[in-house]
Each structure stands twice: as structure tokens, then as C-alpha cells.
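Trainee: Could we go through this structure together, one question at a time?
Mentor: Gladly, let's take a look.

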Amino acid sequence: MSTPSESEWQRVSPVSAVYFFLRAIPNLVNLWPLLAGALAGGEKGRELLLLYGVPLVLITLLVNALVQYWVFRFSVEENRLQIRSGLFHRKRLSLDFERVQQSDIIKPFYFRPLGLATLGFESAGSNQQEVEIPGIPVALAEQLRRRVLEHHAHPNGQENTVPEPDYQLSLSAAEVARYGLMHNALLFLAPLAAPLGQYLGPAMESWVSWLRKLPWVETLTHSGWSAFLAALLAGVFFIVVGIVLLFAVSMLVAVVYYGNYSLARHGDRFQAHFGLGTHRTRGLRLHKMQRLQITQGMMARLLRRYSVLISKAGHFQQGNAQLSQRFVVPVLTAGGLENLREQFALPRPDWKPIHPWYIAAYTLTFATLLALTTGAILFPTGQHWAAAVGWALLWYPVLGLLLWRRWSQTRYSIQRDWLAVHRGFIGHKEQWLPTGKLQKIAIQEPPIVRHLGLSHLMVWTTDGPTTIGYLPIATARALRERLLAEVTEFEQAWF
Amino acid sequence: MATTLEDPSLESRQLPPLEPEPWEPIHPRYRNVLRLRLLVVGLAVTLGPWIPVIFSSTVTPFSWLPSTAGALVVLFLATVWVPRKVRRTQYLLRDRDVHLRTGCWWFRTVSVAINRIQHVEITQGPLERLNGLSELVIYTAGGFKSDVKVPGLETDLAQRLKAHLTRRATEEAGPTADETWEEDRHVDAERE
């Protein structure tokens, strides 16, 4: 398959210098001591920084980008890809097509007018690596990617005709915007807005004085409620505006990132295209899947939507920073989820409950802790002892109810080839593990739980551990034997 | 992906339990290793609290309290915890999987299928060398801390176990051996 011209070193487009330029920018963080020094150096320091520092950094970045482009070569061989980069610190990397876990085609705005793209590969193995070839023609990128993905299926040839997909899904902008509502990462940033409070203060004051002048507020003035009411209204208003703003931004981000989402399956190969700003194409071969997760959070439940997240080998080691690298189907209706389940050949779950001691164990621990704290707070305040004890004991029924809900949502299902775990409170999360790919199985028997004849079962995939707690010891052992049997009899490559 | 167990519903009694199988204890000399380690800790906790006392040079009856408490804890561990832990640490080698049982009060059994073993390692600290023991570490690809450590094996036995496991893992990998076993070969970054 390899022709002589193919195995020669190839250059990428000069425009890729933009890519190298942008990629080097995060490294500037290492220069912060200089910045701190210059700022501490007073007027003189700042002047020097602006006059010489900034241009120097820019020139360095520019030269670096050009040099990086100049030395970057890649070559495509029959079964692997070779990449050569670096001027002083020379690096040569070879990636077997067989090892590729995922391949992305990314079209940033500066490549798009020229019909260029960045081709990214992610490989499996103890030494996780990402490989990117920036600035190659889209056609070449598509061809290379297809070749890599079809390497297993057609080792001897590449198909130029794209057959009709076996399965297809596309999401409208309105659907994708729902993802922003469902997974609002910005909500965690809300506390960071606290420093803005100092600017909010004066705004609030003028707002309150304006409110006070309203006729209907004025009628209340005589009853002494005016100031309180105005402050309350102002507070509620700001919180509502803040939340609406956060959700709007989050929806916008979702639409830009996942806009025009489409998913297709050809045989065992899934492919997703998405992104309004930067187009992304992400591929996944079915047998590379290590864990499939179906989530429906509280918001998603209100919207009656689901998300699906698929992990491949090595994602666990990379940590959550690489979450964006996973294969995601952002928004699915109940019907869409049903269809997708069929594509992955997930069986209908046969849910089994865990032992109700789960409720007792957690209620006793946490309610006792909370009751002791409550007692410690209430006693010195001069409450009657009976009242204090009564308040403290109230924790038991409250936590009991909450944990009953959690327990009723915690179940597992073991079927041929699949182990599924269901967890939830208002929303829920389902994890599906292909049993043949499990790495390690443990049974834990802590002291008290053991005397009740219970144990916890833990299984590890390459994507991390999953625990099924509070199983009768006999059940846990039988499960382990069954899982081990499926692991030992799994003959295919597991990654 | 056919399995021998076709029945999808789980009948716990039908499967053979692990109990009648020959769980092998680790070597009793491992107690010495643990006690020597405790001795180091014990010296630290009994002598440590005296340092401030020496510098402030006011010896009260309470000065004895921290080091006595520390010494008692270490003594308790050395006499009760160590033998129990060593007795409870057992391993079981089966044709297609390895199991390790640990825990003094928090029992834990870890099982690894031999075809999931990535590599096997033997480690030996100075205290273990003194007692002629080694630790066998079995690695899988299950992410963080995904290893099974069998402590207190006689060095000779550990070597034989390692050789056996390595050979079996290669056999199990079978036709896909070059895929699962030579994990590191696919992406090599080399410097010129």
C-alpha cells in the first residue's frame, strides 16, 4: 500500500506557524516571576517591561513558531505515522495506526479559509500521547483519518466511497443549547463573582432609593416595611439576573462548542462532527470503549433529556482536565437514547437492589455527627435540654428519608458482557462496564458490615474504579467469580 | 465474547466458593519486617516528645505522658496487629487468576485475571533483605493504584511466582500477544 512518495518526509503548510504561535502562548505562564519582578520594580520596571519585554516576547514567539514550522515533518507509512519535530530538543515519534484510540479533525478559524485542518490522534497505552499534525489539506486529513480508523477492518486498502451510515443522529441548535442548561459549569464560578460585590454595593443603594420612591412602596412606608422590602426585592432581582446571565452564557458556549452536532455509525466505527467556531470531528471504534455513562441531572430531568459519555483507555490517568477529549453525545431525548442503546447493544437492565443496611449505615453515621454538633450549639444558648435533644434527634428521620431515596436509586445489573450501576437522587447516572475489559476486582469487608454478612464490591476499568456497596457476601463472591470468568474468556484486545 | 455462564440471572449458590481453595499464607518472618518498621516509628514517637522538654528544661510528671501513650500504641500494634495482619495476608494462585486477601480488621480480597496483568515486579527493601523476603507487585491497567502487592514472600518463591505469572500472562494473551503485551512499543518518542 505504501508508495515511495508516501514514505518520504512531508512538510505542513506555512500557515501552521499560526498554530505553533498560539500553542506556545500558554508556556508564557512560566514567565510570571519576571512580570512580578517588573511590577514590583515600580515605574522604571513597568517602562522597561513595555518597551523591551513585550516586543521581545512577541519576537521570540514568532521566531519559535517559524522554526517549529520549519523543522516539523511527517511521513505516512503503511502501518504507522512518523513525526519529526524540534530544533534543539529533537523528537521523533512513531505511532502505529493500530494503537489509535481516537482521531479528531479540527478546523480552527485561521485554517478554514485555506481549506486546511489539524489532524489529532490519541493513542492508548501506559504512556498516553497525543499527536497533532497542523496545517494539512482537509482532504489529506480526512483520508489519513479514514485510513487509520479502517486499519483493522480493511488492512489492505482504503475506501474512497463513503457508504450510507448504519445509524445517524443530528442535533438542532435548540437541542444543543439545552446542554448548556443541563451542564452549567459556570455555576461553579458564581462564588468567584463575590469580589464584584464592592461594585454592586453602590448600584444596590441607588436601586433601593429608586424603589423607595415608587408609590406602592411608599404606601407601605408607614408600616415600617419599606426599607426591608426594597432591599429584599433588590437582592432577589440581582440573584435572578445573575443566574439568567450565567445560564445564557453557558447555553451560548454549548451552542458554539457542540453546534451542528451530528453522529453517524459505519459498522463498528462512530463519528461525531460538531462545533460552530472550530469544527471538530471525533472518531471512536466500538471495541475501544471502556465505560459508557448515561447521565440525567436535575435540570436534564426537567428538560427530559440525557447525556452519554464514553471513555476509552487511559482517560483516567489523564484526569478530569481531559474531559473534553472524551466521546460525548451531549443531548438525547428518551427516544434518541433508546436508539443509541441499541447501537451499543446494551441489554435491557435487570436491576437488582443493594442491601437496605446502606440507609442505616449512613443515617447512623451522619445523623449522629450532625446531632452532636446541633446539641453542642444549642446547649450553651440556654435552651431547655428537651428542646435541644428534640432538635438534635430530628436529623435521624430527615437523613433517613434522604438516604432512603438514594438507596432506592442505587441498583446494579449483571448481564452477559455488561455490568451496570445506577445511582441518583433527583437526577441519575448509569454506568455500563463491558465485563470482559475489567482490570481488577476487589471485595471489601469492613468490620461492622462484615458481621451483618455484607461486603462492598469494587471493579476497576482503565477508566477508574466503580463500587457496588452493601451486597450480601455470597452475592459479592458469586459476582466476582462470574466477572472473572468473563474477563478470562474475553479473547479480544481489551483496549 | 461467549462465556461458560449462559444463565443471565445470578444464582449465588451455584458457583464454587473460594473458601475450600488452598489459600497460601505469607512467610511468618514478615512479622519481623513489620516489627522492625514499628521499632523505627516507636523510637520516633517515644523520643520525639522529649525534644521540647529538653529545650525548655522543665520536667513535669506530665512530660512522660505523650511518649508513654506513643509507646503503648506501638506495643499494641507490635503484639496484636502484626501477627494478625501477617496471619490474615494470604494469596491464592489459580489457573487463570490471582487473589490476595489482606486486612486485619478491614478485610479485602483483590482478584486479577492473569490475562489482564501488565507486568510483574519484585521489590525488596533493606528490612526485607535482612529477613530474606521480597514483595511481589502485580500491575494492571486499571489506573491509579491498580496494583496487587503480595508482601513477605521468600525471595526465591517470589522469583518463581514472577516467572510463572509472566509466562502465563504471555500465554493467555495468545494470538493478541503483540497487542496486549508489548504495550509500550507502539508509541515511542526517541531523541536523535
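Mentor: Helices here are DSSP runs of at least four residues, and strands are runs of at least two. Keep in mind that the model is predicted.

Trainee: What pattern does chain B follow along the sequence?
Mentor: Chain B has six helices and eight strands. Reading along the sequence puts these elements in order, and the pattern is β-α-α-α-β-β-β-β-α-β-β-α-α-β.

Trainee: What share of the residues in chain B is buried?
Mentor: A residue counts as buried if 20 or more other C-beta atoms lie within 10 Å of its own. Chain B holds 192 residues, and the buried share is 25%.

Trainee: Are H1(A) and H3(A) parallel, perpendicular or oblique to each other?
Mentor: The axes of H1(A), residues 16–24, and H3(A), residues 42–71, come within 8 Å and cross at roughly 130 degrees. Angles over 145 would be roughly antiparallel, and 65 to 115 roughly perpendicular. The angle therefore makes H1(A) to H3(A) oblique.

Trainee: How many nonpolar, polar and charged residues are in the contact of H1(A) with H3(A)?
Mentor: From H1(A), residues including Phe20(A) and Phe21(A) meet residues of H3(A), among them Leu62(A) and Tyr69(A). The residues of this contact divide into nine nonpolar, three polar and no charged.

Conventions: Residues numbered from 1 in each chain as written. Chains lettered and ligands numbered in written order. Predicted model: local features only at pLDDT ≥ 70, side-chain atom pairs only at ≥ 80, totals over all residues. Axes fitted to C-alpha atoms, helices over the stretch in contact; angles between N-to-C directions. Parallel < 35°, antiparallel > 145°, perpendicular 65-115°, else oblique. Contact = placed C-beta atoms within 7 Å. Nonpolar A, V, L, I, M, F, W, Y, C, P; charged D, E, K, R; others polar. Buried ≥ 20, exposed ≤ 12 C-beta atoms within 10 Å, placed from the backbone.
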